[in-house]
Amino acid sequence: MRRVLMATLFAAFVGVMLVLPATAQELHGCQMETTISAVRACVEHAHAEGLIDNQGIANSLLMKLTVAQAALDRGDTPAAINALQAFARETTAQAGKHI
């Protein structure tokens, strides 16, 4: 189950990296770590830089990461995976729209 979680987190991270312009990835706000907190920092930075141009979308993405971290903290790996998959789907759906 841990491998599935790590693979899902990596997929979510890669999804963000593919959607955001290279300039956001190179700046200090987007670290190349596959942790939920690193992805969260990247989303926050992208929103601050205007690369995510809608507060509601940013909030929705951040909430999914909050849910994933909370699930992981309580040992509910399947719920963490579901939240990260939802994050990845929303990131993909918003690419070219608000991201």
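**Exercise 1. Find how much of the chain is buried, and which elements the chain has.**

*Solution.* Start with burial: of the 99 residues of the chain, 38% count as buried, where buried means under 20% relative accessible area, exposed over 50% and partly exposed in between, with a 1.4 Å probe and protein chains only. Keep in mind that this is a predicted model, in which local features need pLDDT of at least 70, side-chain atom pairs count only at pLDDT 80 or more, and totals for chains, interfaces and linings use all residues. Residues are numbered from 1 along each chain as its sequence is written, and side-chain values use heavy atoms, with hydrogens and water left out.

Next, the elements: the chain has five helices and zero strands, taken as DSSP runs (helices H or I, at least four residues; strands E, at least two) numbered from the N terminus.

**Exercise 2. Work out how helix α3 and helix α4 are placed relative to each other.**

*Solution.* First, take the axes, which are lines fitted to C-alpha atoms over the stretch in contact, with angles from 0 to 180 degrees between N-to-C directions. Those of α3 (residues 36–48) and α4 (residues 55–73) come within 10 Å and cross at roughly 170 degrees. The two helices are therefore roughly antiparallel, a label for angles over 145 degrees.

Then look at who touches: contact means heavy atoms within 4.5 Å. On the α3 side the residues include Val 39, Val 43 and His 47, and on the α4 side Leu 61, Leu 65 and Leu 72 are among them. By type, the contact residues divide into nine nonpolar, four polar and two charged.

**Exercise 3. Identify which residues touch the most other members of the largest nonpolar core.**

*Solution.* A nonpolar core is a set of buried Ala, Val, Leu, Ile, Met, Phe, Trp, Tyr and Cys residues joined through side-chain atoms within 4.5 Å. Of its 15 residues, Val 43, Ile 52, Leu 61, Leu 65 and Phe 87 touch the most other members. Helices α3, α4 and α5 each supply at least two residues, and the largest share, six residues, comes from α4.

Now zoom in on Leu 65: leaving aside neighbours within four places in sequence, its contacts are Ile 36, Val 39, Arg 40, Val 43, Leu 84 and Phe 87.

**Exercise 4. Describe the place of Leu 84 and its burial.**

*Solution.* Leu 84 lies in helix α5 and is buried, with a relative accessible area of 0%. Its C-alpha is separated by 6.8 Å from that of Lys 64, 20 residues apart along the chain. Other buried residues of α5 include Ile 81 and Phe 87.

How values were computed:
Parallel < 35°, antiparallel > 145°, perpendicular 65-115°, else oblique. Nonpolar A, V, L, I, M, F, W, Y, C, P; charged D, E, K, R; others polar.
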